[in-house]
Amino acid sequence: MYDYMRALEDRFNSKAKADPQRRELEAKRQRVAALLDKEGRKKLLRLVDAHTAAQEGTALDSFIAGFRLAWGIAMELASDGSYSYQQEWEQLSRLKHDQEGVEPHE
């Protein structure tokens, strides 16, 4: 399931990879790397790689959580037929009136 979620996330989040902010960050990383010696550049690359992996993991976890939430909502709505905002509003209105001891108008 993890691979399937990753494929879905890549499909629906494809424009984030071409984000101008990412290009700007890469340009800044390259400028900093130019100031470092070979060992410093290796450390910088390891830091950037670790940060990128953490961000990707967080983004994927967030996507999966959102997907599961949407799936749960869809299953809940499907379990009792179609959803009606009007019916929900009327039910909430009746409950509110019942709690206040007021008879609803029909």
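1. Lys28 and Glu24 both belong to helix H2, which spans residues 20–35, and they are four residues apart, about one turn of the helix; helices here are DSSP runs of H or I with at least four residues, numbered from the N terminus. The two residues form a salt bridge in which the closest N and O atoms are 3.2 Å apart, the term denoting a side-chain nitrogen of Lys or Arg within 4 Å of a carboxyl oxygen of Asp or Glu.

2. The model is predicted, and local features need pLDDT of at least 70, side-chain atom pairs count only at pLDDT 80 or more, while totals for chains, interfaces and linings use all residues. Residues are numbered from 1 along each chain as its sequence is written, and side-chain values use heavy atoms, with hydrogens and water left out.

3. On accessibility, Lys28 counts as partly exposed at 39% relative accessibility, and Glu24 is likewise partly exposed, with a relative accessible area of 44%; this class lies between buried, under 20%, and exposed, over 50%, for a 1.4 Å probe and protein chains only.

4. Helix H2 also holds Arg29 and Glu26, three residues apart, about one turn of the helix, and their side chains meet in a salt bridge with an N to O distance of 2.6 Å. Glu26 is partly exposed, its relative accessible area being 31%.

5. A further salt bridge joins the side chains of Glu39 and Arg46 at 4.0 Å, N to O, and Glu39 is partly exposed at 40% relative accessibility. The search of the whole structure finds three salt bridges.

Technical notes:
Helices (H or I, at least four residues) and strands (E, at least two) are DSSP runs, numbered from the N terminus.
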